[in-house]
Amino acid sequence: MERKTAAERTEKQQVGGGMHDQDRADQGLRLWYTSPAAEWNEALPIGNGRLGGMVYGKTSLERIQLNEDTLWYGGAGRGKNPNAAPYIDDIRQMLQEGRQAEAEHLARMALTSSPKYEQPYQPLGDLLLKFLDAEETVEDYRRELDLERSMVTVTYAARGVQYGRQYFVSAPDGVLVIRLSADRPGALTFAANLMRRPFDNGTESLGHDTLLMKGECGADGVSFCAGLRAAAEGGKVRTIGDFISVDGADSVTLLLSAQTTFRARQPGQACMEQLDHAAGMTYEQLKSRHLQEYREKFDRFSLSLGSSGDPDLSSLPTDQRLKQLQERVKTMGVEAEAIDPGLIALYVQYGRYLLISCSRPGSLAANLQGIWNDSYTPPWESKYTINVNVQMNYWPAEPLGLAECHEPLFDLIHRMLPNGRDTAREMYQCRGFTAHHNTNLWGETRPEGILITCTVWPMGAAWLCLHLWEHYRFGGDVAFLRERAYPVMKEAAAFLLDYMTIDEEGRRITGPSVSPENRFVLPNGEVGSLCMGPAMDAQIAMALFGACLTAGQLLGDEESFLDELRTAIQELPTPRIGRHGGIMEWLADYEEADPGHRHISQLFALYPGEQVDPVHTPELAAAAYRTIARRLGHGGGHTGWSRAWIINYYARLQRSAEAHEHLVNLLASSTYPNLLDCHPPFQIDGNFGGTAGVAEMLLQSHSGEIRLLPALPRQWDSGTAKGLRARGGFVVDMCWETGELSEVTIRATRAGQCRIWSRSTLVPAEQDMQGISDHNASKSQAGHTYTFFMQQDARCSLRKLR
């Protein structure tokens, strides 16, 4: 098809409510393209947490690939491993005696569940729009995703007619809305239908304007329905077979709803109720309600990075802009001044957009692909992989102003709780609850799969529970801690207290376990994965025990349990330095079978943990730096999410140049044209990990103080960040020029001590000192530290000393 594009245009004519709003926001917060998506990895994602779509923007046969978050194949309670408990001690004994192959052979049979793999997350299907008299020549084509409005817009001209479409998924009204318009009356003629090939159970027509598609996901899985309704201004709407036919309309609003038996006993009835409710409003009312709800979340944070580079880059379509960055990295290197800081700021806001769109109160947690998946057999079943990936999805939630988007993860943890208690008791004869490296819609917790490198790892629940603690640390909601967080944290800790054993050196260790998903080489040359006491396990246990001890003391829990925690903390192994100068991954200083492995699990203590810090533990921080260098030297960081984790590692180490290098390489090497992460294939954790990495470069609050611009690269010589959140209940706005902070404003959402660290010399603005009961300033090792005691809703401002 011949296309005449107008890449230089930034504004389009408004047509019948279907084009761009007159009150357009900053052009910098848009992904835009001059052609339709040729494949799924070029389509644009939309969603309301529960219902998602990938918009291709084709002019003759439009495809919107659809997902609903509870549409999973299989059913609950299918994985079993009844023979585990009698063999745990035998496996431990074999590992202690160096009988590696025997231990793994027995563990594979005794500890893995049956069936081994099942229950993938699956697509809802496709909405297809076939237009009459498809044009061979299309002019002025533009497809864009407006991050500020959570809308995709497509505009083009054909035969002198200007066409426009807007797509959004409304959270307040629960439906996908598509508005089609043209500037010539009667110019819209098309057919719409729903398809779920190859698992299409058929679609029925209900009246002259509505279709209802039904289906199921296996005998024990969910059943579902999707409803589609059309309302036209002008022309004629009717159903013909399993199509909605629209003839000669001026403009059309399509509404799509979807429900499954996970939430609705009668999903068809629920779909129709949603359609009836939405159809009772005009398109403008639907759009206004959508915008108001969405922007309240999105507008909490803003970011501008850097003044250097080519100002013309922002005028390029997003795919060309990304390609330009990739070419400049190849020819000039990642340290070049011309690297596009505006694209990085856009990428951060895109990450926030994705999190709002795939995880919000009432929806399921974001899985490996958020909610966007077009395969019935997706990679890794598109599950909740909880040995880093799902946790990474939520790293940006608290610091970037989206705390409520964290809530679906907490719902998942609570859904796992009954199963995790059964697994702890039946497999390990322990108190509390546990989970392994995968879970799903039904919150399964048993070891899934046949690969020992990842399957036998009972730390998933413990790590997830640290997200409950982080939510409290940022927000300070004691009721949440008492009622929702601490009871679950305590059960995860109780499991570890029972599961861990004391080795011959008096160390409290886990096992059998693994260091996800790596392998070691024994002195005799044998390669293994299963072990006793991998470093990551001890680091997670240290973080969880410490969190439970602090929370338990605050809430007045029984001293007997708190004493158990105190004793266990003293007995846990701490990070140690090995023969290559890095942090040891296992209790013994083994060589790695793959020195460039994508997981660097032994650095959990650096990020998201807090045991390793460049200020408080400089020797361990130096060892962590060497650990990363060794992995990279052997080809590590080659997957999207792995490189994203490395960005956060370097940010914690305050290594700004290296953090920036890997952030740019994440875009250059692991990002699709629609800016989704390329693992490969697509995994959304890389987007969220990279987004969190930028937040960590700008502000840190894990060490008992707020660190301002701890890892600012020289390429971001000036900038502003507003709405960053810090632990302790603080919201931070800051501006910087020529690499130096010029102004900082901190608002307290609750009373408490605020300790601020900065390399820049700042002074308080006295007129803004309301609510501050004390102030002192003292030099720290790497800069200046200021301590304030702030009342709730107080603000303090600091400015650069001129």
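Biologist: Is the crossing of α5 and α6 left-handed or right-handed?

Modeller: This is a predicted model. In it, helix α5 covers residues 318–332 and helix α6 covers residues 341–358. Their crossing is left-handed.

Biologist: Which residues of α6 make the contact with α5?

Modeller: On the α5 side, the contact is made by Arg-321, Leu-322 and Leu-325. Facing them in α6 are Gly-342, Leu-343 and Leu-346.

Biologist: How many residues of the contact of α5 with α6 are charged?

Modeller: By class, four residues of this contact are nonpolar and one is polar. The number that are charged is one.

Biologist: At what angle do the axes of α8 and α10 cross?

Modeller: Helix α8 spans residues 407–428 and helix α10 spans residues 460–475. Their axes come within 10 Å, and α8 is oblique to α10. The crossing of this pair is left-handed, and its angle is roughly 135°.

Biologist: Which residues of α10 does α8 meet?

Modeller: From α8, the residues in the contact are Leu-409, Phe-410, Ile-413 and Met-416. The contact of α8 with α10 has seven nonpolar, two polar and no charged residues. Those in α10 are Leu-464, Cys-465, His-467, Leu-468 and His-471.

Note on methods: Residues numbered from 1 in each chain as written. Predicted model: local features only at pLDDT ≥ 70, side-chain atom pairs only at ≥ 80, totals over all residues. Heavy atoms only, no water. Axes fitted to C-alpha atoms, helices over the stretch in contact; angles between N-to-C directions. Helix = DSSP H or I, 4+ residues; strand = E, 2+ residues; numbered from the N terminus. Parallel < 35°, antiparallel > 145°, perpendicular 65-115°, else oblique. Left-handed = near helix turned anticlockwise from the far one by under 90°. Contact = heavy atoms within 4.5 Å. Nonpolar A, V, L, I, M, F, W, Y, C, P; charged D, E, K, R; others polar.
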